Amino acid sequence: QNQTERCFTLGVIVFGLVVAGAGVSRISATLQQILNRNAETNKRRQNVLAFLKSKKVPINLSARVMQFVDYELSRQKAKNLDISLISPTLLDEIYTASSGSLLSGHAMFAMIQQGFSEIFCKLCASITNDVQEKGRVIFSEGSVASCLHITSNGSFLLAMPRTILPSEEATGIVAEGGGVTNLSLLRIKEHTYISELALFSSYNHDCTFISESVTETCSITCFDLITHVKESPSCCQMAFEYANSFMVHVHESRVYDLARGVSEKAASTTQFSQMINLGSDLVIHSHDHEHEEGKVDAKPERERILQALPKMLDDTLPTDSLIEIIEQLYPELEPVGGSYALLNLQDERNRAIASIVSLIALVKGQYHRLTECQSGPGKLTPEVWDILQKFVQPLCEDAQLTAIMTYIVVRGLGKSKIVTNQLPKSWTKTAETVVLYLIEGRSHVVPSVNVLSDEDVDLVKDVLSIGADVFNVNQFMQAENLPASVEQLQRALSRTTEERLNPYLLCTLAFTCGLAGASGGPMARPGSRV
């Protein structure tokens, strides 16, 4: 009976009907769009099915085709993206979010992601996605490898000769006659990296890669890798070191397409990996306080070296025994825990041992020791040996021998990037300046210097100073030096006495003899370069 309330109620009802009608209309439009999309999808599917029927395709093949069609239609991925609508920063984030997980699980790409994020984003954008039908041969044994394959979704099989796959992992392929062929199958899971060697070298596949179901794979080519990595010299250096180490390990394993565990080994050898994973035992500045507290008395160590010296100089001592004594006397050369081992400088360690063996042979006239690894026409002749002896004998006194051997031991440490990256730039010009810095301020890295007398330490420093002026005697002997190089040598000699030149020349000759000691271990091939 209240007119006002009645009008209000009618207004609410009318307004509600309008709002409900608008909502129903929007829902209807959305449903219609879904129906239209499904109708378009069904139409495309029916067209394929009608085509197969018209061509009288066998049922088995038709089923495989329709399975692939259904999978492709379900993906509903945009094939083209208008990148003008998205900022470059957001575009990089899109590529990284969509494909980054595929690459970040790989050791090399993980290092690129950690140190060179922009290059990593571009590599993610260069990934090619492919859908493989069931039973498709992605590549076959003997074909030329063209790219790195990454399994993204689905199940795969890798068929390889039994000589490659270990017997405990092998599953024989049963032939039609009931026998088992010489091939073995290995089921591959998602996010597995196949034929990585194709990124660095040209080779033929040693396996056959098969899609066991409807699957997705991603691939990246050598061209894509080079195009983006070359934008940064540091990234290029890291990739180069990784590639060299990877190929060495792959050839050792003799498995090219499925190099399991090789990428982690190769990555660990790069300077980039060693720097970002720098252990406390490699941080040279972190040991200063500990070194001062735990510094040992140098006198007993010096006496131990002097007592071992006559045995080292013994002409009848086998070279193997001599090498063992050298490794025991100098902490830097210890196979495990020594400075060279910690810094991953195995080649330099072997060269240092070979140089010391050559030095002893030269100084003590041990022709048989210097030439025991030589044979054929390249063997050092007695006539040339006599000339070397006339040159060497006046250069070294027995009292200087300990200092010269210590110089040979520590000089190779100056080539470590792990060390040089922790030093002031002004001290990283040459390997000699690096070692001079270590002797002056970080002597715990070169413990053999700590046991020398003050006079011997001065001798080591003087010899290092001559080499620090970038004068290379070997280049001088081959007429490769400039007049400015000789001037640098004269400038170095002006800061010390000419008596220091003789030990420097002797060290250079010993180093030359031991250069090939890096090949085949420290047995060092003494005299192999004479």
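In this predicted model, Lys 415 counts as partly exposed, because its relative accessibility is 40%. Its partner in a salt bridge is Glu 348, with 3.6 Å from N to O. Glu 348 counts as buried, at 13% relative accessibility. Glu 348 sits in helix H14, while Lys 415 sits in the loop between helix H17 (398-411) and helix H18 (417-420), so the pair ties together parts that are 67 residues apart in sequence. Arg 351 joins Glu 348 and Lys 415 in a network of salt bridges.

**Salt bridges**

The count of salt bridges comes to seven. Three of them are listed here.

| Pair | N to O distance |
|---|---|
| Glu 231 and Lys 122 | 2.9 Å |
| Arg 187 and Glu 212 | 2.6 Å |
| Glu 348 and Lys 415 | 3.6 Å |

Glu 231 lies in the loop between helix H6 (222-229) and helix H7 (233-253), and Lys 122 lies in helix H5, so their pair links parts that are 109 residues apart in sequence. Glu 231 is partly exposed, at 45% relative accessible area. Lys 122 is partly exposed too, at 34%.

Arg 187 belongs to strand S6 (residues 180-188), and Glu 212 to the loop between strand S8 (208-211) and S9, so this pair ties together parts that are 25 residues apart in sequence. Arg 187 is exposed, at 53% relative accessibility. Glu 212 is partly exposed, at 24%.

**Nonpolar cores**

In soluble globular proteins, nonpolar side chains tend to be buried together. Here the largest nonpolar core has 69 residues. Met 312, Leu 333, Leu 359 and Met 405 have the most contacts inside it. Helix H14 (residues 346-363) gives the most to this core, with nine residues. Leu 359 touches residues including Leu 401, Ile 404 and Met 405. Apart from this core lies another, of 37 residues, with Ile 119, Leu 148, Val 250 and Ala 266 among them.

Strand S3 is largely enclosed by the rest of the structure, because six of its seven residues are buried. S3 and S9 pair in the antiparallel sense over six bridges. In that pairing, Asn 153 stands opposite Glu 216 of S9. S3 also pairs with S7, again antiparallel, over two bridges. There Ile 150 has Tyr 193 as its bridge partner.

Strands S3 (147-153), S7 (193-194) and S9 (215-221) are among the elements that cover the buried residues of H3. Those buried residues are Leu 91, Ser 99, Gly 100, Leu 102 and Leu 103. H3 bends by about 50 degrees at Ser 98. Its end C-alpha atoms are only 21 Å apart, short of the 24 Å that a straight helix would reach.

Key:
Residues numbered from 1 in each chain as written. Predicted model: local features only at pLDDT ≥ 70, side-chain atom pairs only at ≥ 80, totals over all residues. Heavy atoms only, no water. Helix = DSSP H or I, 4+ residues; strand = E, 2+ residues; numbered from the N terminus. Expected span 1.5 Å × (residues − 1). Bend = angle between axes of the 7 residues up to and from the residue. Buried < 20%, exposed > 50% of the residue type's maximum accessible area, 1.4 Å probe, protein only. Contact = heavy atoms within 4.5 Å. Core = buried A, V, L, I, M, F, W, Y, C linked by side-chain atoms within 4.5 Å. Pairing = 2+ DSSP bridges. Salt bridge = Lys/Arg side-chain N within 4 Å of Asp/Glu carboxyl O. Lists of a residue's contacts leave out its neighbours within four places in sequence.
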